[in-house]
Amino acid sequence: MAYKITSDCILCGACEPACPVTCISLGGNIYVVDENECISCGVCGGICPTGAAVEA
């Protein structure tokens, strides 16, 4: 199951460089996950300081 980033995102940017398949990008006022590219590794969820990266 792919990850998504909720509105709890504070734009810290920690998730984007941590993603091993580079499926996270800035999408307006929060970071977004390309669900077609996400491998559900959970790295973003582990590094997010607000817990905004969660399983979809």
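Biologist: Leaving aside neighbours within four places in sequence, which residues is I5 in contact with?
Modeller: Contact means heavy atoms within 4.5 Å. By that cut-off, and skipping anything within four places in sequence, the partners of I5 are C15, I24, I30, Y31, V32, V33, A52 and A53.

Biologist: Before we go on, what sort of model is this?
Modeller: Residues are numbered from 1 along each chain as its sequence is written, and side-chain values use heavy atoms, with hydrogens and water left out. Local features need pLDDT of at least 70, side-chain atom pairs count only at pLDDT 80 or more, and totals for chains, interfaces and linings use all residues, this being a predicted model.

Biologist: In what order do the elements run from the N terminus on?
Modeller: Helices (H or I, at least four residues) and strands (E, at least two) are DSSP runs, numbered from the N terminus. The chain has 2 helices and 4 strands. From the N terminus on, the order is β-α-β-β-α-β.

Biologist: What is the radius of gyration of the chain?
Modeller: It's taken over C-alpha atoms, and the globule rule to compare with is 2.2 Å times the number of residues to the power 0.38. For 56 residues that rule gives 10 Å, and the chain comes close to it, so it is as compact as a globular protein of that length, with a radius of gyration of 9 Å.

Biologist: Which residues have the most contacts inside the largest nonpolar core?
Modeller: A nonpolar core is a set of buried Ala, Val, Leu, Ile, Met, Phe, Trp, Tyr and Cys residues joined through side-chain atoms within 4.5 Å. Buried means under 20% relative accessible area, exposed over 50%, and partly exposed in between (1.4 Å probe, protein chains only). The largest such core has 16 residues, and those with the most contacts inside it are I5 and I24.

Biologist: What is the relative accessible area of A52?
Modeller: A52 lies in the loop between α2 and β4 (53–55). Outside its four-place neighbourhood in sequence, A52 is in contact with K4, I5, T6, D8 and C9, and the C-alpha atoms of A52 and K4, 48 residues apart in sequence, are 8.0 Å apart in space. A52 is buried, with a relative accessible area of 0%.

Biologist: T22 has a positive phi without being a glycine; what value is it near?
Modeller: Most residues other than glycine have a negative phi. T22 sits in the loop between α1 (15–18) and β2 (24–26), and at 65% relative accessibility it counts as exposed. Its phi is near 45 degrees.

Biologist: What about the phi of S40?
Modeller: S40 is found in the loop between β3 and α2 (43–47). It is partly exposed, with a relative accessible area of 27%. Though not a glycine, S40 has a positive phi of about 55 degrees.

Biologist: Which lining residues are the closest to the centre of the largest cavity?
Modeller: On a 1 Å grid over the protein atoms alone, a cavity is a set of points where a 1.4 Å probe fits but cannot get out, and lining residues have an atom within 4 Å of a point. Grid points are joined across faces, edges and corners, and a volume is the space filled by probe spheres set on the points. There are 2 cavities of 30 Å³ or more, and the largest has a volume of about 80 Å³. Of the 14 residues that line the largest cavity, the closest to its centre are C9, I10, C12, C15 and C48.

How values were computed: On a 1 Å grid over the protein atoms alone, a cavity is a set of points where a 1.4 Å probe fits but cannot get out, and a pocket is an open set with protein on both sides within 12 Å along at least five of seven lines; lining residues have an atom within 4 Å of a point.
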